[in-house]
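Let's take a walk through the packing and the charged pairs of this one. Have a look at the model first.

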Amino acid sequence: MTTNAHDSAPRGKRSRNLKLVLMAVAAPAVLAGCDDDPSGKILTSREECTVQTEISREECEKAYGQALVEHEKVAPRFESQQECNQQFGACTPLQGQQANASQPYYIPPMTGFLLGYAASQLMSGGNRYYHIGGVSPLYRDYQGGRYLKPDGKQISTHSGTVYGRKAGDTALPARAVTVSRAGFGSSAAARGGFGRSSSSSSSSRSFGRGG
Amino acid sequence: MKRIVVPERPDWREQAESLGFRFHTIDGAPYWDERAYYAFGLRQIEDEIEQPTQELHDMAMALVDEVVGSERLLERLAIPREYWDWIADSWRRGEPHLYGRMDLAYDGRGPAKLYELNYDTPTSLYEAAYFQWLWLEQSIARGALGEGSDQYNRIQELLIETFGALARDKRIATPVHFAAVEDSPEDQGTVRYLRDCAEQAGVDTLELSIEGIGLSREGYFTDGDDRVIRTLFKLYPLEWMFVEEYGPKLAGSRVQLIEPAWKAILSNKGVLPLLWERHAGHPNLLEAHFEDADAGELAPGWVRKPLFSREGANIELVGLDGERLRSDGPYEDGPTIRQALHPLPRFDGADGEPNYPLIGSWVVADQAAGMGIREDEGPITQDSSRFLPHAIVED
């Protein structure tokens with residue numbers, strides 16, 4: 001059989017081409033997935049937050065601070081400053097990168113933030129009480145003037161209130177304040193054999209092996 | 001079906017490391033093992049593995065439909081009463097599932113016999129779906145296997161297709177959070193692989209640990225950045241979640257689980273006697289019964305398995321000659337079933353050492369998808385068993 005014949009030969013029982021995109025490299029920076037269609041208010045500053053919303057100055061400060069923290073984590077990353085500037089302008093190297101990083105990333109400035117409304121509050125109709133469903137940093141496209149989410153998708157062309165398509169349906173809010181953690185996982189620890197407790201067991205490695 | 005000793009690819013360890021397969025060796029013991037492979041004929045694969053897998057899967061799904069509507073059966077499966085409605089709802093809403101693996105005893109001369117279903121947290125996925133495939137492609141390219149060699153393996157392709165379809169049809173909310181136990185490199189690797197498949201399908205994903213899941217005041221599950229978890233792929237047993245602190249919060253959290261709540265029925269070894277009751281004498285089923293308190297001693301030719309057991313733990317079997325074999329484990333406390341003994345076939349290695357292969361037959365989104373083989377030096381496959389590749393080389 002020639003090489004050509006091999007290329008065109010049917011391969012009945014297996015896939016033709018497989019690749020890996022995440023596993024083949026070091027763990028990538030995790031991009032925050034915002035809501036597909038978040039509802040909330042786009043604010044360009046802390047001051048605007050105080051004026052434009054019904055939440056207190058204190059809460060605005062807090063929300064802005066949260067957005068800034070998030071910004072460090074989820075801002076769009078560029079390998080070259082020029083490329084970043086072309087879209088956003090005033091890009092800077094990402095602070096606090098690992099010293100051994102092969103090359104620095106550049107990120108745009110946070111030019112606004114989205115104060116999300118919790119869907120549960122929007123649904124309850126007539127209730128004017130504002131509930132902060134979460135905050136997300138936003139980036140202003142240098143040329144188009146659009147506001148973009150960290151994943152690069154456009155959220156709006158102007159500041160002010162935006163309504164996601166899903167507003168009012170039963171979609172869960174993008175964010176909620178965590179009040180407790182670690183309510184799952186105790187069985188794994190108790191059954192033994194996972195990671196730190198592995199010395200007590202010669203066998204258990206994984207859950208699904210069966211046998 | 002033959003066991004064929006072959007040279008290893010000289011660089012497979014480096015490849016494994018660079019491809020995220022960091023659990024190829026576990027606690028110093030080999031896990032991925034390509035010093036031999038199992039060779040099959042196409043007829044064996046299609047008629048005796050693939051087709052029965054599809055049939056058994058369809059029987060299992062019909063069983064779920066029956067069990068969710070029967071308090072008697074839910075009780076029989078020892079599923080906590082407080083989760084019955086939630087489980088039934090998840091089935092009636094048609095919450096999608098992704099995958100499952102059934103373990104089959106097969107010696108090449110059919111029919112394959114179903115040992116059990118691993119339908120909630122099946123692992124050995126990455127090695128079956130990807131690394132095994134790579135082994136075959138490279139073995140052909142290097143001339144170690146003939147150009148016509150093939151493999152029963154569309155697992156990854158179907159995983160990607162399924163993620164894509166679920167997202168496109170808005171049957172899952174994105175981003176999908178993927179969670180595994182923090183300190184298990186193998187489970188972490190498996191979850192990373194599934195994320196890889198989802199990302200290739202264009203689905204946004206995030207990763208966290210099972211222990212890192214949080215709860216909001218409203219009762220939503222959250223990740224480390226206070227994002228509400230809407231779709232959670234959890235490589236973590238449902239029956240464990242049920243008895244943990246957040247278990248009672250599952251229903252109210254409105255989280256969509258993958259695998260979904262109704263998989264609690266199919267990850268339970270009680271399905272084996274239930275399948276037998278409904279299809280007694282089926283060529284791919286082994287006789288099985290629930291073990292009642294007055295069942296007496298385990299007779300020769302029978303195996304005892306806990307309803308909830310993993311990794312081959314707490315299995316007891318009595319050979320036809322009366323010899324008893326027992327595996328230790330942490331699952332002593334629950335109800336058990338008895339299954340007719342059907343020993344794994346024995347394939348001796350080059351030095352005459354015994355090897356007992358177990359077929360892991362994969363189902364992805366209701367389709368028989370491919371196969372992986374675990375091999376042990378003893379007749380009970382455990383988590384210490386090695387993974388060997390397979391090829392289709394005849395017919």
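Which residues does L266(B) touch, leaving out those up to four places away in sequence? The list runs A60(B), M61(B), V64(B), L117(B), Y119(B) and V271(B), where contact means heavy atoms within 4.5 Å.

## Ground rules

This is a predicted model, so local features need pLDDT of at least 70 and side-chain atom pairs count only at pLDDT 80 or more, while totals for chains, interfaces and linings use all residues. Residues are numbered from 1 along each chain as its sequence is written, chains are lettered from A and ligands numbered from 1 in the order in which they are written, and side-chain values use heavy atoms, with hydrogens and water left out.

## Nonpolar cores

L266(B) belongs to the largest nonpolar core, a set of 76 residues. Along with I87(B), L250(B) and I265(B), L266(B) is among those with the most contacts inside that core. Helix α2 of chain B (residues 42-68) supplies the largest share of this core, 10 residues. There is also a second, separate core of 51 residues, including L158(B), V203(B), V364(B) and F387(B).

A word on terms: a nonpolar core is a set of buried Ala, Val, Leu, Ile, Met, Phe, Trp, Tyr and Cys residues joined through side-chain atoms within 4.5 Å. Buried means under 20% relative accessible area, exposed over 50%, and partly exposed in between (1.4 Å probe, protein chains only). Helices (H or I, at least four residues) and strands (E, at least two) are DSSP runs, numbered from the N terminus.

## A bridge between chains

Over all chains, a search of the whole structure turns up 37 salt bridges, each being a side-chain nitrogen of Lys or Arg within 4 Å of a carboxyl oxygen of Asp or Glu. One of them pairs D150(B) with R14(A), the closest N and O atoms being 2.9 Å apart. D150(B) sits in the loop between α5 (125-141) and α6 (155-168) of chain B, and R14(A) in the loop between α1 (3-8) and β1 (40-43) of chain A, so this pair joins two chains. Both D150(B) and R14(A) are buried.

## Bridges within chain B

E66(B) and R278(B) form a salt bridge too, with closest N and O atoms 2.7 Å apart. This pair links distant parts of the chain: E66(B) is in helix α2 and R278(B) in helix α11 (residues 271-278), 212 residues apart. E66(B) is partly exposed at 35% relative accessible area, and R278(B) is partly exposed at 29%.

E8(B) bridges to R13(B), with the closest N and O atoms 3.7 Å apart. Finally, E291(B), E297(B), R304(B), E316(B), R324(B) and R338(B) are linked in a network of salt bridges.
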